[in-house]
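Me: I'd like to go through the labels in a structure with you and ask what stands behind each one. Could you set the values against the cut-offs for me?

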Amino acid sequence: MILVDLFPYFTAGSSCRAREVVGEAFRKYFQAKHHETGSMLVQNRYNTSAENKIPISDIARYEVGATLAVLVNTAPATFWLLFYIFSHPEVLEECREEVGKIMRTSLEEGQARRTLDITGIKQNCPILTSTYQEVLQQRTLGAQVRQVMQDFMLDDTYLLKKGATVIMPSLVVHTDPGVWGPDVSSFNHKRFTREGSSQNKVFSRPSPKAFRVFGGGSTLCPGRHSATTEILAAVVMFIMRYDVVPVEGQWIAPKTEKTNIAAVVMEPDTDVQVQVTPRQGFADGKWEFGLADSKMVFEVAAEDQQQSSH
């Protein structure tokens, strides 16, 4: 109801009050200058607003929205990627093998020091990144909205009248067998790899234009690469350091009927109880994760492919 903006303090009073509580917490955070020891993202966002003479109370309110943008989709996306990898032993084994090849191991004061570069993962781990894209393709339900600027006959069948609104649910595109092949409803972790394409004699690698997880055009998600880095970093840390098994003995995917209206990635309705144990041979030592500079663009949208070709 807050998004609808129909008398929100009456129709969504508890949500509005909660939003004010979070905003006030951010105001105190900034007034105490805690952001100066925070991440570069928080520091730069604050400094940009302060340089433009935006009141601290408004900066705090901005951060409430930023928190929603940072967490609402990356958290469930991380959950689903971990769920699919650990619930498919062959996928887990292949992803670990890929990551292991680029992980640097050295000894420091008698202890193992393991270093992983997230940029290297994007460039050299096609199975892991394909699994990431497949999970998003299976578990997203966003929609793109466009206004018709002039009368247009679509596919010689549908007349789109000027001024009309066109809503394009990504779920329809992502579940179309004509685009993805007859196995569209099955989990195929190699669908986005060259190997996966060569095994399918009828359907080649899906067109990037059909992968609309991050929107497209004027509504293309500007934080898609940051989100991808965040998700892959968390998932790689888990699959390399820990073994995860379900407490109930089998992996059961939770329902997603209560997904937030603001979310693009489906949110699990219930927790999945798991047992997490350090992976044998990887429990000791020190782990470091880095992000090296690179001119390569990891293509998670058709627009990225266009950018990398220039």
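Reply: Gladly! Keep in mind that this is a predicted model.

Me: What makes Cys221 partly exposed?

Reply: The relative accessible area of Cys221 is 29%. Partly exposed covers what lies between the buried limit of 20% and the exposed limit of 50%, so Cys221 is partly exposed.

Me: How many disulfides does a search of the whole structure find?

Reply: The search finds 0 disulfides. A pair of cysteine sulfur atoms would have to be within 2.5 Å to count as one.

Me: Why is Ile54 called partly exposed, and where is it found?

Reply: Ile54 has a relative accessible area of 24%. Ile54 sits in the loop between helix 3 (40–51) and helix 4 (56–71). Beyond its neighbours within four places in sequence, Ile54 is in contact with Ser49, Ile59 and Tyr62.

Me: Why is helix 6 called roughly perpendicular to helix 12?

Reply: Their packing angle is about 100 degrees, and the axes are 10 Å apart. Angles of 65 to 115 degrees count as roughly perpendicular, so helix 6 is roughly perpendicular to helix 12. Helix 6 brings Leu92, Cys95, Arg96, Val99 and Gly100 to the contact, while helix 12 brings Val236, Ile239 and Met240. Sorted by class, this contact of helix 6 with helix 12 has 6 nonpolar, 1 polar and 1 charged residues.

Me: Which residues touch the most other members of the largest nonpolar core?

Reply: Those are Leu81, Ile85, Leu128, Tyr132, Leu136, Ile239 and Met240, in a core of 44 residues. At least two core residues come from each of helix 5 (74–86), helix 6 (89–102), helix 7 (118–124), helix 8 (126–138) and helix 12 (224–241). Helix 5 gives the largest share, 8 residues.

Me: What is Leu81 in contact with, leaving aside its neighbours within four places in sequence?

Reply: Leu81 is in contact with Thr131, Tyr132, Val135, Ile231, Leu232 and Val235.

Me: And what percentage of the protein's residues count as buried?

Reply: Of its 310 residues, 35% count as buried. The protein has 13 helices and 9 strands, and its C-alpha atoms fill a box of roughly 65 × 60 × 50 Å along the principal axes.

Key:
Residues are numbered from 1 along each chain as its sequence is written. This is a predicted model: local features need pLDDT of at least 70, side-chain atom pairs count only at pLDDT 80 or more; totals for chains, interfaces and linings use all residues. Side-chain values use heavy atoms; hydrogens and water are left out. Buried means under 20% relative accessible area, exposed over 50%, partly exposed in between (1.4 Å probe, protein chains only). A nonpolar core is a set of buried Ala, Val, Leu, Ile, Met, Phe, Trp, Tyr and Cys residues joined through side-chain atoms within 4.5 Å. Helices (H or I, at least four residues) and strands (E, at least two) are DSSP runs, numbered from the N terminus. Contact means heavy atoms within 4.5 Å. Axes are lines fitted to C-alpha atoms, for helices over the stretch in contact, and angles run from 0 to 180 degrees between N-to-C directions. Angles under 35 degrees count as roughly parallel, over 145 as roughly antiparallel, 65 to 115 as roughly perpendicular and the rest as oblique. Ala, Val, Leu, Ile, Met, Phe, Trp, Tyr, Cys and Pro count as nonpolar, Asp, Glu, Lys and Arg as charged, and the others, Gly among them, as polar.
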